[in-house]
Amino acid sequence: MSRPRPSTAAAAIVRGDRRALAKAITAVESGAPAGDALLRELYPRTGRIPIVGLTGPLGVGKSSLINLLVAHLRSNGRSVGVVAVDPSSPFSGGSVLGDRIRLDRRADDPGIFFRSMASRGASGGLADATRDVARLLEAAGFDVVLVETVGSGQVDVAIRGVATTRVVVLVPHLGDEVQTLKAGLFEIADVFCVNKSDLPGAETAERDLAELASLGPAPDGWRARIVRTSTTAPSGIPQLWSAIEAHEAFLAASPAHAAERRRRLEEEIVGRVREEVARRLAERLETDPALRRLVDRVLARELDPRTAAERLVAPGHRGR
Amino acid sequence: MKAKARAAPVRVLIAKPGLDGHDRGAKVVARALRDAGMEVIYAGLRQTPEEIVRAAVEEDVDLIGLSILSGAHMALFPRVMALLKKEKGSRIKVFAGGIIPDEDASRLRRLGIRAIFGPGASLGEIVQTAERLARGTA
């Protein structure tokens with residue numbers, strides 16, 4: 001089977017070849033070298049569009065909201081790429097990716113690309129490759145990328161580092177207002193969406209969130225907006241998109257945002273270095289006799305693990 | 001610790017073409033394939049052949065499992081196979097399950113559907129066949 005060279009594949013993606021894009025996502029997702037090469041080539045084409053993250057507990061209606069947001073964006077002439085993440089089984093490694101079932105669209109509309117992703121063991125509500133998959137979708141020319149996280153718990157905030165606007169989706173009766181004071185999920189929202197707002201209790205939920213938002217202080221000067229939506233008798237979708245756009249406009253005008261973008265890229269680089277160093281070290285611990293002796297000494301209690309680690313990362317160490 | 005080996009899991013699309021509303025079987029198969037370590041994209045009910053093939057391309061699956069109980073398989077399955085070919089997806093292997101008479105089954109096999117499971121098929125048999133198809137040994 002012949003595989004196109006990276007530059008050919010990159011050109012195909014930019015040209016809007018859906019099959020090339022799908023193959024590239026698979027390569028990136030599995031950490032294949034072809035994926036790395038593509039990302040290197042396409043990176044200059046990224047960083048310009050809204051990457052909108054939808055997160056929140058399971059069953060609050062994230063997939064249904066995405067379906068309606070996609071329809072709203074399409075009716076305004078904007079193309080949309082969607083990445084929807086569902087969990088992998090910690091037991092079998094398998095997963096059932098069921099977010100696509102909510103999507104309802106014309107099969108021949110080229111302005112939508114929907115990809116399901118399994119979390120593949122990553123914590124935080126996304127897969128490790130989600131950020132890069134969003135980049136591929138941007139490079140393929142989509143105007144907006146929507147990212148749906150795994151149904152999240154209180155600390156699943158990986159979307160923070162990936163999305164430009166974070167929508168936290170909640171429903172009435174998730175808990176009293178003390179829940180809104182807790183750290184984690186509630187801290188990352190640029191927009192709160194109270195979905196299923198046709199149910200009783202929506203006003204109370206909105207009021208609790210409004211109080212939370214008014215307490216501030218938002219470090220960057222943005223105060224989270226609150227929108228009520230329903231997906232069964234669709235309502236609030238244009239308002240939800242307006243709130244997202246308002247945040248995007250705020251970012252564009254905010255000097256703090258430039259610093260924030262820089263900080264996030266620093267985080268990404270540090271994360272990648274950590275992974276790479278750990279990978280190389282794990283490899284050498286198996287093969288390098290000097291390193292094996294170092295571990296033997298730790299095992300014999302002649303050396304403690306912290307000191308051993310310091311020696312390993314010290315420049316020019318020989319493993320003694 | 002070994003360097004992180006990332007053998008990509010098998011990806012399979014499970015879909016029900018046409019208008020029948022009975023998806024218990026498709027869901028049970030989806031679950032069994034999940035437990036076998038596969039990534040199962042569950043596309044659900046009332047899918048047109050166009051939607052199925054489009055999903056298969058976007059999701060870059062290795063396999064498609066079609067479930068049908070309505071009797072419309074001779075109208076819908078050939079269309080799926082033709083569209084797959086048109087979209088350069090002939091590498092994707094298709095298997096099917098449902099109420100499919102023997103004489104139809106042999107015609108569908110000639111169209112390239114690799115395996116067809118009737119009401120008596122065991123989950124173990126379906127999973128093993130899916131694994132073999134994904135490995136290219138069936």
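This is a predicted model: local features need pLDDT of at least 70, side-chain atom pairs count only at pLDDT 80 or more; totals for chains, interfaces and linings use all residues.
Residues are numbered from 1 along each chain as its sequence is written, chains are lettered from A and ligands numbered from 1 in the order in which they are written, and side-chain values use heavy atoms, with hydrogens and water left out.

Q: How many helices and strands does chain A have?
A: Helices (H or I, at least four residues) and strands (E, at least two) are DSSP runs, numbered from the N terminus. The C-alpha trace of chain A spans about 65 × 55 × 45 Å along its principal axes. Counted in this way, chain A has ten helices and eight strands.

Q: What percentage of the residues in chain A is buried?
A: A residue is buried under 20% relative accessible area, exposed over 50% and partly exposed in between (1.4 Å probe, protein chains only). Chain A has 320 residues, and the buried ones make up 49%.

Q: What share of the contacts in chain A with a separation of 6 or more comes from residues 24 or more positions apart?
A: Contact means heavy atoms within 4.5 Å. Among the contacts in chain A with a separation of 6 or more, residues 24 or more positions apart account for 75%.

Q: Which orientation do α2(A) and α5(A) take to each other?
A: Axes are lines fitted to C-alpha atoms, for helices over the stretch in contact, and angles run from 0 to 180 degrees between N-to-C directions. Helix α2 (residues 18-29) of chain A packs with helix α5 (residues 130-139) of chain A at about 160°, their axes being 10 Å apart. Therefore α2(A) and α5(A) are roughly antiparallel. Angles under 35 degrees count as roughly parallel, 65 to 115 as roughly perpendicular, the rest as oblique, and those over 145 as roughly antiparallel.

Q: What kinds of residue make up the contact of α2(A) with α5(A)?
A: From α2(A) come A:Leu21, A:Ala24, A:Ile25 and A:Val28, which meet A:Asp132, A:Val133, A:Leu136 and A:Leu137 in α5(A). Ala, Val, Leu, Ile, Met, Phe, Trp, Tyr, Cys and Pro count as nonpolar, Asp, Glu, Lys and Arg as charged, and the others, Gly among them, as polar. The residues of this contact therefore divide into seven nonpolar, no polar and one charged.

Q: Which residues of α7(A) make the contact with α4(A)?
A: α4(A) and helix α7 (residues 237-253) of chain A pack at about 80°, with their axes 10 Å apart. That makes α4(A) roughly perpendicular to α7(A). A:Leu65, A:Leu68, A:Leu69, A:His72 and A:Leu73 of α4(A) make the contact with A:Ile237, A:Pro238, A:Leu240 and A:Trp241.

Q: Is A:His72 buried or exposed?
A: A:His72 has its place in helix α4 of chain A. Neighbours within four places in sequence aside, A:His72 is in contact with A:Ile237, A:Pro238 and A:Trp241. Its relative accessibility is 17%, so A:His72 counts as buried.

Q: Which residue has a backbone oxygen 3.0 Å from a polar atom of the side chain of A:Lys62?
A: A:Lys62 is found in helix α4 (residues 62-75) of chain A and is buried, with a relative accessible area of 5%. A:Lys62 and A:Val169 are 107 residues apart in sequence and 6.9 Å apart in space, C-alpha to C-alpha. The backbone oxygen at 3.0 Å from the polar side-chain atom of A:Lys62 belongs to A:Pro57.

Q: With which side chain does that of A:Asp109 form a polar contact of 2.8 Å?
A: A:Asp109 is found in the loop between β3 (95-97) and β4 (112-118) of chain A and counts as buried at 14% relative accessibility. A polar contact is a pair of N or O atoms within 3.5 Å; within protein, one must be able to donate a hydrogen and the other to accept it, and residues adjacent in sequence count only if both atoms are side-chain atoms. Leaving aside neighbours within four places in sequence, A:Asp109 is in contact with A:Arg18, A:Arg74 and B:Arg54. The polar contact of 2.8 Å joins A:Asp109 to A:Arg74.

Q: How many of the ten residues of α2(B) are buried?
A: Helix α2 (residues 49-58) of chain B is mostly covered. Its buried residues, including B:Ile52 and B:Arg54, pack against α2 and β4 of chain A together with β1 (11-17), β2 (39-47), β3 (63-68) and α3 (73-86) of chain B. Of the ten residues of α2(B), the number buried is eight.

Q: How are α2(B) and α3(B) oriented to each other?
A: The axes of α2(B) and α3(B) come within 9 Å and cross at roughly 40°. B:Pro49, B:Glu50 and B:Val53 in α2(B) meet B:Leu76, B:Arg79, B:Val80, B:Leu83 and B:Leu84 in α3(B). The orientation of α2(B) and α3(B) is therefore oblique.
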